[in-house]
Amino acid sequence: MSLQIIKPKNIIDLGVGQPDPNLLPTSLFQPLTFHGQDLAYGEEAGDSTFRQTLAAWLSVDYGKPITADQLIVTNGSSSALNMICAQFAKPGSTVLVEDPTYFIALNLFAERGINVVAIPMDDEGIQLDALDCALQQHQPAFIYTIPSYHNPTGITQSHERRQALVALAKKYQCLLVADEVYQSLYYQKKPPPPLACYDNDAPVLSVGTFSKILAPGLRLGWIQGEGAPIQKLLRSALLKSGGGLAPVTSALVGPLIANGEFQAYLASLRQTYQIRLDTLYEGLKTSMGDKLQMTKPEGGYFLWATLADGSHVASKLAVAEKKGVNFLGGALFSANQGYASSMRLCFAWYGVEELEIACERLAQVFRG
Ligand SMILES: Cc1ncc(COP(=O)(O)O)c(C=O)c1O
């Protein structure tokens, strides 16, 4: 991947799913005075003061009590997924994923020789009948799901779907891994709580990150869970040998949460992204009308749009480049090569003016 803060010239690239570099809060970060524990090998789970501060904020944001001992500090969600694969899957084992799903998670599973079986979604998330059949058929290492403001579809699992999903994981004693990257990027009402908040006796790990709510360069995130899955992760050679992850970054971010500066920044980010989402959604409705089918997400980064005539978006990529706009085709996200008529459009990377221009350009690309 190229350096993630350089915007290409002459093209508005709605394929980039990253924070706008102009919004990264450099002024929040002050030179750090180090304490011994910031520079030492730390606790396997991560610095305990930081985990307490993080737990206090998550309890408010999720509306559910979270404790420090339910958290392991990671280098972001990708690092957490990698750790989970290392501990819970072997080459040749199977992971059940949503169809479509985050394409880099598919890459990560492929790199480890893990097979994936894709389960269809509906507008409340992963379909449970299909999941139930697949659980019986494949005895998977785990289920991978993105419950809130799903990447790429923007779908948010309902409370009822979450309850039933966690119950299914418990029934089959199959680890449920929830990638909750966008959980705190809600623009109106909050989504239901992360899957790890539903049943302390179910094998669930929820993965969170500061990448989309503070800054991806921090490489800071967490895994939330209870009991055996968390204990297994804590026994990993990585954490035993290296101590907890990210002690210096934890020391930077902890005070920002404790003094409320992080929460104030996040509140302003939600407002900015809400305006950008409205701009892209309304702009496409105006410029493309019923040629495009879309459901407006209530948070996150992505608008998922499908060509009503069923034609394939990939055939238009060259024209799009000439017109100065780009998007990610839906097939990239599908382990079944489906969704060829859909595209993922990110509204976080660009400001309102560029999003308005992008809507016009997309209409030109798909006209006729
Ligand atoms: C679903 C999902 N998981 C993981 C990541 C990467 O997160 P991190 O930067 O914390 O590794 C992303 C970023 O695009 C994502 O959309």
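Student: Where is Pro-152 found?
Tutor: Pro-152 is found in the loop between strand S6 (142-145) and helix H6 (159-172), where helices (H or I, at least four residues) and strands (E, at least two) are DSSP runs, numbered from the N terminus. This is a predicted model, in which local features need pLDDT of at least 70, side-chain atom pairs count only at pLDDT 80 or more, and totals for chains, interfaces and linings use all residues. Residues are numbered from 1 along each chain as its sequence is written, and side-chain values use heavy atoms, with hydrogens and water left out.

Student: What kind of peptide bond joins Asn-151 and Pro-152?
Tutor: The bond is cis, with omega about 20°. Asp-99 and Pro-100 are also joined by a cis peptide bond, with omega about 5°, and Pro-100 has its place in the loop between strand S3 (94-99) and helix H4 (103-111). Most peptide bonds are trans, and most residues other than glycine have a negative phi. Arg-219, in the loop between strand S8 (204-209) and strand S9 (221-225), has a positive phi near 50°.

Student: What makes Glu-298 and Lys-189 a salt bridge?
Tutor: The term asks for a side-chain nitrogen of Lys or Arg within 4 Å of a carboxyl oxygen of Asp or Glu. The closest N and O atoms of Glu-298 and Lys-189 are 3.2 Å apart, so the pair qualifies. Asp-20 and Arg-276 also form a salt bridge, their closest N and O atoms being 3.1 Å apart. That pair links distant parts of the chain, 256 residues apart, with Asp-20 in the loop between strand S1 (12-13) and helix H1 (36-39) and Arg-276 in helix H10 (residues 261-288). A search of the whole structure finds nine salt bridges.

Student: How many residues of domain 1 are in contact with domain 2?
Tutor: The chain is divided into domain 1 (12-24 + 263-366) and domain 2 (35-259), with bounds that come from an automatic or database domain assignment. Counting contact as heavy atoms within 4.5 Å, 27 residues of domain 1 touch 31 residues of domain 2. The two domains bury about 2600 Å² between them, 60% of it on carbon and sulfur atoms, where buried area is the accessible area (1.4 Å probe) that two parts lose on being put together, summed over both. In domain 1, Arg-270, Glu-298 and Phe-333 lose the most area to domain 2, together 24% of what that side buries.

Student: Which residues lie nearest the centre of the second largest pocket?
Tutor: Asp-123, Gly-154, Ile-155, Thr-156 and Thr-295 do, out of 25 lining residues. On a 1 Å grid over the protein atoms alone, a pocket is an open set of points where a 1.4 Å probe fits, with protein on both sides within 12 Å along at least five of seven lines, and lining residues have an atom within 4 Å of a point. At least three lining residues come from each of domain 1 and domain 2.
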